[in-house]
Structure formats: structure tokens, C-alpha cells
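Welcome, and thanks for taking a look at this one with us. Please open the sequence and the structure side by side, and we will walk through them together.

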Amino acid sequence: MGDKQPEKPEHKYQPGEGIRSMRTTGVFRVVNYELYAKPNIVIMTLGLIGFGSVLAYIGYMRSKYESQGYYAALQEDGTEVFAKRRSKWE
């Protein structure tokens, strides 16, 4: 009758701790690594610069083709191609 388990003290969660303070399995931590990794400002900045550069390049190429008289046309099979504008009078 005297085999009582000592009670584990409850952890008091503080605002801002997020999911890192919860008890989870190792598999969950491996699969959801981004939830437990601390933010890295250098990697975040490099990613934003890369993503912004790609968007700027796509915008530049699109405006370049449109200024040369091309437009985005859909073919019969559903693919998008840039076709040269032609006059109906030709």
C-alpha cells in the first residue's frame, strides 16, 4: 500500500516558448525539424535575396518578351508559349 509513485512536477509553460517546451518523440522532432530549429538570420536573408532575385528575373524576362511584341498564348494541349503578335491584315 505504500508504493506511491512520486508525482512529477508540472512544467509551467511561459509565453513565447512555443512547441519546443512540449514533450514529443524523437521521430516527431526529426520529421518536423523546422519547428525546433532556432531562426538563423543569415540563412533567412540569403533565402529572401535568392527568392527575390528569381522573381525579379522572371518579371524582367516577361517584360522583355512583351516589349518585343510577344504574348503568352495557350496551345491546344494546354501548354503556355510566347507567340509573336501578328496583324490580322497580313
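## An exposed leucine and its surroundings

Leu48 is exposed, because its relative accessible area of 59% lies above the 50% cut-off for that class. Keep in mind that the model is a predicted one. Leu48 sits in helix α3, which spans residues 41–67. On the surface, Leu48 belongs to a nonpolar patch, together with Ile41, Val42, Ile43, Met44 and Leu46. The accessible area of this patch comes to about 630 Å² in total.

How does the rest of the chain look? Three helices and two strands make up the secondary structure, and their order along the sequence is α-α-α-β-β. The two strands, β1 and β2, run antiparallel and are joined by five bridges. Within this pairing, Ala72 of the protein stands opposite Phe82 in β2. The strands form a hairpin with five residues between them, and Gly78 in the turn has a positive phi of about 95 degrees.

Here are the elements with their residue ranges:

| Element | Residues |
|---|---|
| Helix α3 | residues 41–67 |
| Strand β1 | residues 70–74 |
| Strand β2 | residues 80–84 |

Now for the protein as a whole. Of its 90 residues, 6% are buried. The accessible surface is about 9,000 Å², and carbon and sulfur atoms account for 60% of that area. What share of the contacts between residues at least 6 apart in sequence joins residues at least 24 apart? That share is 0%.

Note on methods:
Residues are numbered from 1 along each chain as its sequence is written. This is a predicted model: local features need pLDDT of at least 70, side-chain atom pairs count only at pLDDT 80 or more; totals for chains, interfaces and linings use all residues. Side-chain values use heavy atoms; hydrogens and water are left out. Patches are made of residues with over 30% relative accessible area and no salt bridge: like charges are joined within 9 Å, nonpolar side chains (Val, Leu, Ile, Met, Phe, Trp, Tyr) within 5 Å. Accessible areas come from the Shrake-Rupley method with a 1.4 Å probe; for residues, only the protein chains shown count as cover. A salt bridge is a side-chain nitrogen of Lys or Arg within 4 Å of a carboxyl oxygen of Asp or Glu. Helices (H or I, at least four residues) and strands (E, at least two) are DSSP runs, numbered from the N terminus. Buried means under 20% relative accessible area, exposed over 50%, partly exposed in between (1.4 Å probe, protein chains only). Contact means heavy atoms within 4.5 Å. Two strands pair if DSSP finds at least two bridges between them.
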